[in-house]
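Visitor: I would like to go through this structure with you, one question at a time. Please show it first.

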Amino acid sequence: KPDGAGRTVFVTGASAGFGQAIARRLLEDGCRVIGSARRYERLTDFHQGLPPGLRSNFLPLQLDMTDIEALRALPGSLPAAWQEIDILINNAGLALGVSPAQDCNPDDWDRMIATNVTGLVELTRALLPGMKARNRGYLMAIGSTAGIYPYQGGNVYGATKAFVAQFMANLRTDLLGSRLRVTTLEPGLCGGTEFSDVRLGDPDKARQVYAGTQPLTATDIAETVSWLLSLPEHVNVNRIEMMPTCQAPGGLAVARD
Ligand code: NDP
Ligand code: 8X3
């Protein structure tokens, strides 16, 4: 039986992609799941589509990760029965654009930092005291191989994900001696989500990203999260870097005359 059974999970970005697959999988594992996103209708559609036996275990929550006030009001703004969060999965995030740094739109940079960095930090800070006081919990975040390996056009997106991994590693250090666990999951190419549509703003270009590949899927990510939660409490996986078999690192570049 997965370790998460009966626990309350907070998954950000549950209106699409990884977040929705994780929410579904953890509900199937027996968890109670708060799923947040800006697109509330997506969350309620997901809620309605759940098997009747799982519906009372899901709480759709409209939450913009750039709304610092709303983040700071948590967990007290949640219904009383949902305020004790055992597992936080900081998944909501986005990339915007693939232009070289010198050509980027500064508003895109600000939005990536506000969502992927500031929002993640604020939500973590809001929920951490309760987890620490209960001496029980699991903090997980979705980083990216873009936070490990530089690539052209990765500039601020990759830097936000490097921040995520280092922030989580530092949390782990601060929490040493407690029973809280901390993991960063760092996937590479993953298809079937809205990530490239959001990044490129063009469905044809987004499709091209995956042409001729068999990328990771949101189900692969959800399966990994479920497995992490099933591990015995004395095991902490610090980070997982995962790629589809069709992808490998090895992109050092040389400029030639
Ligand atoms: P999707 O675009 O499919 O999903 C992103 C989710 O984040 C949506 O639910 C969206 O909800 C939510 N989100 C974005 N901005 C905000 C915001 N301001 N406030 C609240 N929620 C927000 O992407 P993926 O599922 O593919 O990506 C999930 C995470 O995984 C991201 O952090 C991404 O960087 C990371 N990742 C993705 C990879 C990939 O190749 N797909 C690989 C490695 C990491 P809504 O729009 O309704 O608010
Ligand atoms: C998503 C993976 O390589 O598109 O984080 O940046 S990548």
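Visitor: Which element gives the most residues to the shell around ligand 1?
Guide: This is a predicted model. In it, 28 residues surround ligand 1, the closest being Gly13, Gly17, Arg38, Gly93 and Thr193. Two or more residues of that shell come from each of α1 (17-28) and α7 (195-200). The element that gives the most, with 3 residues, is α1.

Visitor: How many residues of the shell around ligand 1 are charged?
Guide: The shell around ligand 1 divides by class into 13 nonpolar and 10 polar residues, plus a charged group. The number of charged residues is 5.

Visitor: Is Arg24 buried or exposed?
Guide: Arg24 lies in helix α1. A residue counts as buried if 20 or more other C-beta atoms lie within 10 Å of its own. Arg24 has 22 other C-beta atoms within 10 Å, so Arg24 is buried.

Visitor: How far apart in space are Arg24 and Lys205?
Guide: In sequence, Arg24 and Lys205 are 181 residues apart. From C-alpha to C-alpha, their separation in space is 29 Å.

Visitor: Which strands stand at the edges of the sheet?
Guide: The open sheet has 7 strands with parallel pairing, in the order β3-β2-β1-β4-β5-β6-β7. An edge strand here has a single partner, so one side of it is left without a neighbour in the sheet. The strands in that position are β3 (58-62) and β7 (239-242).

Visitor: What is the average twist from one strand to the next?
Guide: The strands follow one another in the order β3-β2-β1-β4-β5-β6-β7. From one strand to the next, the twist averages 15°.

Visitor: Which residue is the bridge partner of Phe10 in β4?
Guide: Strands β1 (residues 8-12) and β4 (residues 87-90) pair in the parallel sense, over 3 bridges. The partner of Phe10 in β4 is Leu88.

Visitor: What angle does helix α2 make with β3?
Guide: Helix α2 (residues 40-49) packs on the sheet and touches β2 (32-37) as well as β3. Its direction and that of β3 make an angle of about 170°.

Visitor: At what angle to β6 does helix α6 run?
Guide: Helix α6 (residues 155-174) lies across β5 (138-142), β6 (181-187) and β7. Relative to β6, helix α6 runs at about 160°.

Technical notes. Residues are numbered from 1 along each chain as its sequence is written. Chains are lettered from A and ligands numbered from 1 in the order in which they are written. This is a predicted model: local features need pLDDT of at least 70, side-chain atom pairs count only at pLDDT 80 or more; totals for chains, interfaces and linings use all residues. Two strands pair if DSSP finds at least two bridges between them. Helices (H or I, at least four residues) and strands (E, at least two) are DSSP runs, numbered from the N terminus. Axes are lines fitted to C-alpha atoms, for helices over the stretch in contact, and angles run from 0 to 180 degrees between N-to-C directions. Two residues are in contact if their C-beta atoms, placed from the backbone, lie within 7 Å. A residue is near a molecule or strand if its C-beta atom, placed from the backbone, lies within 6 Å of it. Ala, Val, Leu, Ile, Met, Phe, Trp, Tyr, Cys and Pro count as nonpolar, Asp, Glu, Lys and Arg as charged, and the others, Gly among them, as polar. A residue is buried if 20 or more other C-beta atoms lie within 10 Å of its own, exposed if 12 or fewer, and partly exposed in between; C-beta atoms are placed from the backbone.
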